[in-house]
Amino acid sequence: MTVPLSALRACFEGAVPATIATCAADGTPNVAKLSQVHFVDDRHVALSYQFFNKTRENLLHGRRATVEVIDPLSAAIYHLHLEYLRTETEGPLFEYMKARLAAIASHTGMSKVFRLLGADLFRVLRVDAMPGDALLQPSPPADLLAGLRACVASLARCTDLAQLLEVTLAGLAQHWDVHHAMLLMLDPDQRRLYTVASRGYPESGVGSEVRVGEGIVGVAAGARTPIRIGYVVQEYRYSQATRRHFADSADGGVLETEIPFPGLADAGSQLAVPLLSGDRLLGVLYVESPVEERFTYHDEDAFVVLASHLALSIDGLARAVDQACEPPVSVSASIMPRAPATPPGTQSIAASAAGTTGGTPGGPIQIRHFPHDHSLFVDNEYLIKGVAGAICWKLLREHTASGRADFTNRELRLDTSLRLPEVTDNLDARLILLQRRLAERCPLLAIEKTGRGRFRLVVSRPLQLVDVSA
């Protein structure tokens, strides 16, 4: 009996080790255990290459192997008859299998022994079901498809990026019972991803950064492939950075500008899916759970579809903002809308805010700008840096100079001093990041959307701007 390879995906989850049989040139058989069998598509699988042993020698000589896999739910046994094609040592397939092997190694205490040298790709010639009694296999979770349908429908109704991000995370909790999630966007110039939205954590972590290639999120971004891990794996976790509070000193001391990455201290399961629009990487959707093996290949498939729709929605909204009907603008503030009769450096519109940011109540807010990385500090508390910091500094300077409060996305794109990338500037995401950091760290300043491609700076106290030389 020949079985479709796609029907065996539960066998490749690693719950039951697989066995490989090869034959030497003199006809001597060799049987060994396998760390990992990876489903590639309906005609191919990949096996982990970790050691140059007898199995490896036989494969390179004869190029044929038989692999036995067992379904962990039904106990059904299958034989895969394989033909060796090639070994990959980089790229999406290799990175995925490297992450999975790290999970297996960490879970079994073999992290120092298991190391992936390559991903051996095989053509599946035939799949045979072995005789024997097998239990009835349960159907896949029915709510995955229904949840995917509901989430995609909700995305289609979103009219701006901020709403899109919130609807996505809310949909994961409501329809898929996923309560720890975050969305990160790519900063093309810095080769980093920055958090723009999160759900389920004590601290939002908005503005925290991950290098491409670092941890599960960075690996998924760099390889542009989903990465799913079912156990706690040190190699793919993020240390919870401890914020060092700035202490005044004669020379200003050392400033801490890292925002702690949100996340579970001991995530049992992790899944990171890249947001791809064609061949462009926009960001990463990351979910996790304290429960081991929480996310199956069914979840992975559903999340990949959701991520594709999310990426298309992000692109569509960005184009809509770019095409919004706005009068031609120049970078010069003299022809832009201004706040009516507001004295420079004071409150731009009638507003009140709860909480203070330090200093004398009702007194001026001191904001310091460090040009080398555009980091901003509000009364010695770190706020933001990078492009979002440069945007914030521009808005604050223009406000203090003229009392201006209203701005447009288009003029920011025309301002060469901000150094936005020519392609995929992610301006909307940077404004959302700035808006949320202000709400969390400095509620006396705010960014309010006033229309498509338009927003207002709200200042509730006088400003004292200090530009610190690099």
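Strands β8 (residues 181-187) and β9 (residues 192-199) run antiparallel and are joined by seven bridges. The model is predicted, so local features need pLDDT of at least 70 and side-chain atom pairs count only at pLDDT 80 or more, while totals for chains, interfaces and linings use all residues. Residues are numbered from 1 along each chain as its sequence is written, and side-chain values use heavy atoms, without hydrogens and water. Helices (H or I, at least four residues) and strands (E, at least two) are DSSP runs numbered from the N terminus.

**Sheet**
- The open sheet has six strands in the order β10-β9-β8-β13-β12-β11, with antiparallel pairing (two strands pair if DSSP finds at least two bridges between them).
- β10 (209-211) and β11 (227-229) are the edge strands; each has a single partner, so one side of each lacks a neighbour in the sheet.
- From one strand to the next, the twist averages 25 degrees (axes are lines fitted to C-alpha atoms, for helices over the stretch in contact, and angles run from 0 to 180 degrees between N-to-C directions).

- Helix α4 (residues 161-176) lies across β8, β9 and β13 (280-289), at about 60 degrees to β9.
- α5 packs on the sheet and touches β8, β9, β10, β11, β12 (269-277) and β13 (contact means heavy atoms within 4.5 Å).
- The direction of α5 makes about 30 degrees with that of β12.

**Burial of α5**
- Eight of the nine residues of α5 (residues 215-223) are buried (under 20% relative accessible area, 1.4 Å probe, protein chains only).
- Among these buried residues are G215, I216, V217 and A223.
- R224 follows α5 and has a positive phi, near 55 degrees.

Note on methods: Buried means under 20% relative accessible area, exposed over 50%, partly exposed in between (1.4 Å probe, protein chains only).
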